Amino acid sequence: MVKRGNKINDIKTITLPLAKDDVLSLHAGDMILINGLMVTGRDRVHTFLFNEKPEKKFIPFNLEGTILYHCGPVIKKTAGGFTLVAGGPTTSMRVEKYQHRIISSYGIRGIMGKGGMGQKTREALRENGCVYLNTIGGAAVYLADKVKQVVDVWKLDEFGMTEAMWLFDVQGFPALVTMDAHGRSLHEEIENRSLNEFLKQIGAY
Amino acid sequence: MPELLDKIVSLYRKTATVLPSDVEAALENACRKEGRGSPAGTILSTILENIALARKTRRPICQDTGLPVFFVKAPFGQSQREIREIIVRATRIATETVPLRPNAVDILTDKNSGDNTGTGFPVIYFEETSRGKIIIDLMLKGAGSENAGQIYKLPAEELKADRNLDGVRKCVLDAVFKAQGRGCPPYIIGVGVGAAKDQVTKLSREQLFRKIQDSNPSEILADLEQKITDDINQLGIGPIGIGGKSTALGVKIGINHRHPASYFVDVSVSCWATRRARLIW
């Protein structure tokens, strides 16, 4: 549990792809470091996967057990391939409508972004064995340096740099588990506490 | 004016890569308050590390290099169209060279223009000044926090908000409560109060250009700004929304006269990465 002044206990390192048991061992409040291959996806990727429902064989990357990172990066094309300039998280709530079915259809084990997600995703996390990871909004350079390599990209021409699905090889990429596969959401807990304080402050109590 | 073109490209680079010192100081202060070793303190020290790293390596602080918003003050006789054209050209160059993320999307085709220019993009406001110099203020406004902005009409029964300054306070608290951690707190909040929707929206955005440590010339508003900041920090939303004492670094309020029948309150929310810089030419 994240409390004011609480110390962060152990930092767990996870290596992708994750199995269901790996996910079940993670709990809301755990600070983790991620190693391995993960993919990015924001608004366009989500509406595409949700509406077009492409079969797994049409997606060039293996999404089973990986993390889908809500991120629209700044990437420079260089002679040797692509260089990630900046790559922090985007607001996850925008894809709340689509996330649940993307988790169940493609076997994704982690959703990473900022700000948390809603009830539908929370249920999908529990039903499918998946976690929501909150990483540090705005810390785009710090996080970019945890990406060892931009391995590949899908839908670059069609969706553009920001909205394409990028494949990142990461090492020591930090995040906080804020919604676990056991049904707990730190976002909901913090929102409920802030609601009480808010109601008190506007004199609605 | 080729020189001005280069200066505006440099202004873009500075705004995207160097956080203003007053914002950085406020984040350092917040980090000390949260305490090292706490989750909120750890997040803030990582944010401070990111700020230093971006400055050192001249890379954008955040990958969302935002919506560019210009407030231009130019002396009488200076063509606004000329400045606008230079800004548009500088925007194209800066997108390539800083680099900035292309963020301008056509509503009809859903196509990204690729260079951060388009209809009404970037946003440019002009004002005439008596001084001989051109003053150009640029803000790169991140969309995560932009989306957290709200406009209110007082009275608002659901907020128990009357047509007075306490009603304004309740509007701001509501906007921050609704934003939770989605717009990258700790936030800087701009508030505009007045007669017309378009006017208060611009006014609230203008407040975000004020330095965090400045004091409102009106004592009443200065007190209100402090009171609302303290109230927000009781909400417990904390840095990036994971809980903590630092949800807002500051609140800045601007007022205009209102119509007897209207009392509009606009709340602009800005993320911890409030990127603004000034060019005097």
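Residues are numbered from 1 along each chain as its sequence is written, while chains are lettered from A and ligands numbered from 1 in the order in which they are written. Because this is a predicted model, local features need pLDDT of at least 70 and side-chain atom pairs count only at pLDDT 80 or more, whereas totals for chains, interfaces and linings use all residues.

**Stop 1: where the chains meet.** Select chain B and look towards chain A: 47 residues of chain B are in contact with 46 residues of chain A (in contact means C-beta atoms, placed from the backbone, within 7 Å). Now pick helix 3 (39-57) and helix 6 (165-179) of chain B, the elements that give two or more residues to this side. Helix 3 of chain B gives the most, with 10 residues. (Helices are DSSP runs of H or I, at least four residues, numbered from the N terminus.)

**Stop 2: Thr201(B).** Next, select helix 7 (residues 197-207) of chain B, where Thr201(B) lies. Leaving aside neighbours within four places in sequence, show Ile151(B), Gly192(B) and Asp266(B), which are in contact with Thr201(B). Then try Arg278(B): 77 residues apart along the chain, the C-alpha atoms of Thr201(B) and Arg278(B) are separated by 21 Å.

**Stop 3: Tyr12(B).** Finally, select Tyr12(B). Beyond its neighbours within four places in sequence, Tyr12(B) is in contact with Ala90(B), Ala94(B), Val98(B), Leu100(B) and Leu138(B).

Definitions and conventions. Two residues are in contact if their C-beta atoms, placed from the backbone, lie within 7 Å.
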